[in-house]
Amino acid sequence: MTFTVFVPRDSTALALGANETAAAIAKEAKARGIDIKLVRNGSRGMFWLEPMVEVATDAGRIAFGPIEEHEVAGLFDADFLNGGKHDKALGLTEEIPYLKKQERLQFVRVGITDPVSLEDYLAHEGYVGLKKAITMEPAAIVQEVTDSGLRGRGGAAFPTGIKWKTVLGAKAAQKYIACNADEGDSGTFSDRMVMEDDPFMLIEGMTIAGLAVGATEGYIYVRSEYPHSIANLNEAIDNAKAGGYLGDNILGSGRTFNLQVRKAAGAYVCGEETAMLESIEGKRGMVRAKPPLPALEGLFGKPTVINNVISLSAVPLIMSRGAEFYKNYGMGRSRGTLPMQLAGNLKYGGLVEKAFGVTLRELLYDFGGGSESGRPIRAVQVGGPLGAYMPESLFDTPFDYEAFAAVDSTVGHGGLVAFDDTVDMAKQARYAMHFCVAESCGKCTPCRIGSTRGVEVMDKIIANQNRPQQIRLLRDLCDVMVTGSLCAMGNMTPFPVLSALNHFPEDFGDQPMATAA
Amino acid sequence: MSTQTFDMAAIESIIAKRKSMPGALLPILHDIQNTVGYIPPSAVPAIAEGVNISRAEVHGVITYYHFFRQHPAGKHVVQICRAEACQARGCEELASHAKELLGCDFHGTTDDNNFSLETVYCLGQCASGPAIQIDDDLYARVSKEKFNRLIQAKRGVQ
């Protein structure tokens with residue numbers, strides 16, 4: 001009989017030696033005369049277990065991990081193919097509590113399928129959404145997305161359906177779908193996982209978006225730091241085209257949608273939507289003033305839907321299961337699920353998809369298992385380098401756009417970075433300003449000059465030079481940046497700075513401010 | 001840098017192949033850097049002519065993006081992620097160690113031209129830091145010892 005063995009091709013698994021493990025398994029099986037089929041699947045997102053090896057059994061897949069190259073012979077000795085006893089055996093994969101407690105609606109295939117196999121995608125509810133959408137009027141597709149309550153997962157949380165409606169209503173000979181896959185925020189990797197581990201989901205979502213608004217061309221703008229994403233997307237695009245799911249006659253409908261990947265070049269600010277458009281057009285990634293809205297004058301001056309990877313790849317699910325199904329998850333005005341990314345100093349870092357409403361504490365402790373260093377978690381930065389640092393007293397905040405905004409924080413892209421009590425929050429505040437110096441596009445003064453002054457002020461605070469005055473100056477500067485900057489780069493850099501100052505004043509040599517927001 | 005040689009014909013053919021696509025400049029620059037290893041300043045006029053913009057604009061784009069190099073890098077490029085998630089897992093200690101081991105600073109190249117050391121802000125390995133990349137290969141959970149082994153291995157296969 002042939003055994004099916006899975007070893008992930010996700011880049012975190014690769015960075016932890018998955019290719020070496022896979023090669024060792026193939027070699028060992030051959031040497032022992034055992035017939036195996038080796039599938040390179042995506043990652044389940046339990047990164048402390050990578051490289052995680054799975055074997056298909058009648059009861060379901062069983063897992064072993066982490067398995068390094070030198071442990072492979074031992075696995076065979078333990079007869080792992082028949083579920084033999086091994087100290088790294090994890091039992092049935094689906095029963096691992098970290099996975100079992102999740103609500104994987106969108107990441108339902110991630111870690112299960114071979115990412116670039118169209119056949120696998122189709123066997124797991126793939127392209128059901130497109131097949132439905134292709135029979136619908138464009139306005140009905142837009143309505144379905146609107147009804148689902150989906151809001152932009154890139155961080156701005158703008159209702160996706162409203163954006164689509166604007167583009168649908170715009171009159172133009174050419175419209176575009178532009179996917180923002182410039183996932184530069186530290187602590188985030190859900191876009192990367194979609195592109196590497198289930199790229200067809202994004203491709204299908206963009207195709208549906210094209211049908212909905214009347215766009216025939218799509219661009220995916222991917223970071224240069226993500227070569228594996230680019231490779232998998234290109235392979236999946238070719239396979240989708242060959243299968244009739246992309247191109248000039250999608251599924252025989254006569255409708256056209258073409259898709260191409262554009263590689264970014266390491267500028268963080270190109271994650272801002274208008275800077276991204278400039279970059280795709282071949283220019284410096286400078287932020288544009290709005291209006292005009294990109295929905296009306298976007299890429300190459302044409303009406304353009306710009307959505308994040310997670311927003312677009314939620315669409316196939318919404319179309320296949322219906323808006324009602326999706327909307328039934330979540331809380332308040334935050335509907336559906338969010339793939340959250342547990343990062344930094346956590347014991348069990350990885351991808352956790354849950355409905356909105358889960359608290360930070362549940363994520364950090366029930367899923368994350370507390371800090372890896374074993375020391376108390378002191379601060380968590382949510383939403384990337386422009387997100388606030390949250391102290392223990394705010395750990396019961398539920399993931400909900402409005403609840404986070406109420407405590408001067410932001411859900412952002414759903415990434416959280418945990419720090420233990422060795423962190424120096426004044427240094428983190430300085431880093432936030434320094435990052436803005438390095439990454440500002442330079443178009444507006446508050447961001448370009450403000451961040452440089454911010455680093456200088458932080459240096460004085462750290463060196464204990466006239467702290468009360470410098471702290472006043474820092475607050476004043478942050479106020480200018482928040483209100484005067486052209487885009488989120490400048491007007492959100494103060495989030496990490498002020499949250500560090502307000503919640504951890506002792507690190508700034510300041511008295512605690514009980515009333516500070 | 002006058003001793004640097006590169007294949008201008010290869011650059012010309014990249015420009016010819018790409019110039020008619022919409023927003024051709026970044027794809028052209030990527031292809032050139034892929035082929036030559038950097039973007040030679042002397043290639044700028046040909047690029048400008050190819051996409052019909054000024055040399056200043058091409059120069060502006062090359063210098064705007066961190067990814068593009070105007071000079072050749074060392075034989076191996078070592079990128080260390082120094083963003084928040086890796087900071088929380090000790091990347092700054094690794095960064096100091098790397099500087100000491102290689103004997104060069106960030107954005108610098110070792111005297112023997114074997115290694116260039118670079119900072120990168122996020123490789124998307126945020127649950128498993130510190131993360132580094134050597135040439136095209138990613139490595140996660142990089143301790144000082146693991147770093148030493150990786151560098152040693154690269155020294156071995158020069």
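In chain A, helix 18 passes helix 19 in a left-handed crossing, where left-handed says that the near helix is turned anticlockwise from the far one by less than a right angle. This is a predicted model, in which local features need pLDDT of at least 70 and side-chain atom pairs count only at pLDDT 80 or more, while totals for chains, interfaces and linings use all residues. Residues are numbered from 1 along each chain as its sequence is written, and chains are lettered from A in the order in which they are written.

Two packed helices are described by the angle between their axes and the distance between the axes. Here the axes of helix 18 (residues 445-462) of chain A and helix 19 (residues 467-484) of chain A come within 10 Å and cross at roughly 160°; the axes are lines fitted to C-alpha atoms over the stretch in contact, and angles run from 0 to 180 degrees between N-to-C directions. Helix 18 of chain A and helix 19 of chain A are therefore roughly antiparallel, a term for angles over 145 degrees. Helices are DSSP runs of H or I with at least four residues, numbered from the N terminus.

Chain A also meets chain B, in a contact that takes 34 residues from chain B and 43 residues from chain A, two residues being in contact if their C-beta atoms, placed from the backbone, lie within 7 Å.

Chain B itself is divided into domain 1 (8-64) and domain 2 (76-156), with bounds from an automatic or database domain assignment. The C-alpha centres of these two domains of chain B lie 30 Å apart.

Notes
Helices (H or I, at least four residues) and strands (E, at least two) are DSSP runs, numbered from the N terminus. Angles under 35 degrees count as roughly parallel, over 145 as roughly antiparallel, 65 to 115 as roughly perpendicular and the rest as oblique.
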